[in-house]
Amino acid sequence: MIKSILIANRSEISIRIAATAKKMGIKTYMFLTHQEPNAYNLGFADEVIDVSEDTFTNIYMNVEKIVQHAVNHNIDAIHPGYGFLSENPFLPKECEAKGVIFIGPSHDHIEKMGNKGVARKIAVECGVPVLEGSKGIISSLGEGEKIAAEIGYPVIIKAVAGGGGKGMRVAANKEDMPKQFKAAINEAQTIFGNGTVFIEKYIMKPRHVEVQVLGDQKGNVIHLYERECSIQRKHQKLMEEAPSPALTQELREKIGADALKLCKATGYYSAGTVEFLLDEQNNHYFMEMNTRIQVEHPVTEAITGVDIVEQQIRIANGEALQLKQEDIKIDGCAFEFRINAEDVQADFAPSSGIIEELDVPKRKNLRFDTGYVAGKIVPACYDSLVAKAIVTGKTRKEAIKNASVILREIRTGGIKTTIPFFKKVLETGSFVSGEYYTNFIQQDIEQLYHQEEDEQVAAACLALKAYFDEIDEIGADAAREEVRPWVMKSIIKG
Amino acid sequence: MRSDKFIVVEGTKPVLTLKSDKLQAGRDEIVPEITEVSSNEFTIKIKGKEHFGEIVSLKQNVCTVNVNGNTYKFSIETEKSLKRQKKLAKKGVSSNVKITAPLPGTILETMVKEGDKVAKGEALMILEAMKMQNEIVSPISGKVSRLMVSQSDTVLKDQLLIDISPK
C-alpha cells in the first residue's frame, strides 16, 4: 500500500501529482535542487529533500540517486511525471531491485513500447495498421536511401528512442536525404544517447490523434477516448483538445479498440497513450506509444471526469480497475493551451527569465495548472512550459468562446508567452471549423500572433510616455544641478 | 506643452504623431488614458478598449514595450531627425550584420566558416537552449566576415556569434 511518494519531477506536473496524493492521504516528497532552489512546486510537497549541494548532477536524470533517496527516506513509491526519466526502463528496474514501487508500467513495457521500432512490430502482429516503412532500424545512409526510394519520398526519419518531437526529420527528396538523415541521428544521439533511427512514409497532411489508456496488473484495460494534438510546431504540441473534431463515433470506437489491442497484446498496465496519425481520408496508422502520463492528460480528465494520476497510483498499488469501459462517457469539450515562455514573434524562440507578473482569473471553465507564480525564474536549463490553461465548454463552440475570453484575462509580464499565438488560433477559420492538420502553423496562419485592435497605437503611446518620463527626469536632475536651460533644450531636441 | 512635433516610428512606419499636445494615429485623434497599475505595469485605454503593457527598455530615443503580450520597438523622432534618417537610407548606407545569441545555450554545430558565402535564410549554426535546437539563419545574403564561436561553446544571451557582410 503506497503511503508516501517521491515525485521525481518539477514544475506544474509535480504540483499536479501532489494534489492527487494529498487527496488520497499520501505523503509527498520533492527535490530541492541547485538549479531551482526557490522552485514554486516545493511549497506543495510535504517533505523536501535538499540535494542542492550536488551541483554536478541533474537529479531528475539520475536513476541511482533518485532511488537511493527513496530508500534513505523510507518512501514507498516513485512517480516520474513526464519527461526526464519517465520513459527510461532503468528507473523501474532500479526501483524493483531496491524494493520501491514505480508508479508506471514495467521496465519491459517501457523497453518494448517506448522503442518505436519494436512497438511498430507488435502493432503489425496484432493487426493494427502502420505506415509503410523500414522493417527495422537503419544503420547507414545508404540503406536509408534504398528504403526511401522503395517507399517513395517524402519520408520521415525517426529516432527509435525519440519522443516529444525530438529526433525526427523529414526528407523531402533524394537530395535532402543525407542532410536530414545526419541531423536526425545527431539529435537522437545528443538528446536520448541513442542514435538509432528508422524510416517511415511521411504523410503530408496528417492529424495527430492519441488514445488515453488505463490498464491494471490483472489484465483489465480501458480507454478514455482520444485527444487531438495537431497544433504543433517542430513536431512539438502546443495545444490539444478532447474529443477530436475529426472523428465520427464509429472511427472513435475503432481507434479506441485498436489502442486496446496493443495493450492487451503486451499486458500493458498503468496509464499510457497510443498515438495515431490520420491521413486526409481518415485512415489511421499507429505511430508510437507513450508509457507515461502526458502533458495534455488534463483535457481527458476534463471530459471524462477521471483522475488519471489517481488511477496510476491505484494500479501501482495492485488494485483492480474499478472503471468499466461503459462507464466512460464524453461530457463536453476541453482545450489545453500550453503557456510556454517563448517569443512567438521570434518564431517561438525560448524566452527564459523572471516572471514579473502572472495574473490568472478564477473561472469555472478554467483549470490552471502552473509551475510558477510571479517572482519566480523560468530557468534556461529546463523546458519552456510555464503553465497549462485547460478551458472547457458544453460544446466545442462554447469552449472556443470561453477560451477567447479567458486568454485575454490572463496577464503575464517579464517573459513572453505563447498566449498571443493561441488568440490567433482561436480566430482562424480552419481551427474554428475543426478542419486542421499538423501543418496548421505553416499553412493556415500568416502571422503567428494576434494583435488587438489599436494595439500598435497603444504600444506607441506607452513608448512615447516612457520617452517623455525619461526626459522629464533628466530635466529634473539637470535643474537640481543648475545646468543652464539651453542644455535642457538640446536634450529634448535630441 | 511641448512645442516640437514628435513622431513615433515602428521600423519605417510612423504610427503616432504628437503636435501641440494633440496625439494623432493616422487621421484619428486619440486620447489615451495610461495608468500605471503597479510597478512597470500599465493599462492603456484607447477608444474604450483596455490594453495591458510594460516598458521593456528605453535607450536614447528607442523604446521597446510589450503590449498584450506582443513586443513593439519604436523610435521617437522629430521632423528633423526623421528627415536625416531618410537621407541616410537613400544613400544606401549598409553595414555588417552582427548576429547575437537570442538566448543562452550551447553551440551544437557550426555550418559555415569565415569567408563562406551565405544566402539569406541559410542555416549558420545550431544553438541548443531549453532542450530545443534552434537554427540560426542568415538574415541577409553575403559573406561570413567573422565567426566568433565554435562547436560546443557555451554562449550567453546577446553574445556575438557571427558577422555577415552584405553582398
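Axes are lines fitted to C-alpha atoms, for helices over the stretch in contact, with angles running from 0 to 180 degrees between N-to-C directions. The model is predicted, so local features need pLDDT of at least 70 and side-chain atom pairs count only at pLDDT 80 or more, while totals for chains, interfaces and linings use all residues. Residues are numbered from 1 along each chain as its sequence is written, and chains are lettered from A in the order in which they are written.

**View 1. Crossing of helix 2 and helix 3 of chain A.** The axes of helix 2 (residues 63-72) and helix 3 (residues 90-98) of chain A come within 10 Å and cross at roughly 35 degrees. Helices are DSSP runs of H or I, at least four residues, and strands are runs of E, at least two, numbered from the N terminus.

**View 2. Residues in the contact of helix 2 with helix 3 of chain A.** A:V63, A:E64, A:V67, A:Q68 and A:V71 of helix 2 meet A:F90, A:L91, A:E94, A:C95 and A:K98 of helix 3; contact means heavy atoms within 4.5 Å. These residues divide into six nonpolar, one polar and three charged (Ala, Val, Leu, Ile, Met, Phe, Trp, Tyr, Cys and Pro count as nonpolar, Asp, Glu, Lys and Arg as charged, and the others, Gly among them, as polar).

**View 3. Domains of chain B.** Domain 1 covers 6-90 and domain 2 covers 97-166 of chain B, with bounds from an automatic or database domain assignment. The C-alpha centres of the two domains lie 32 Å apart.

Methods:
Heavy atoms only, no water.
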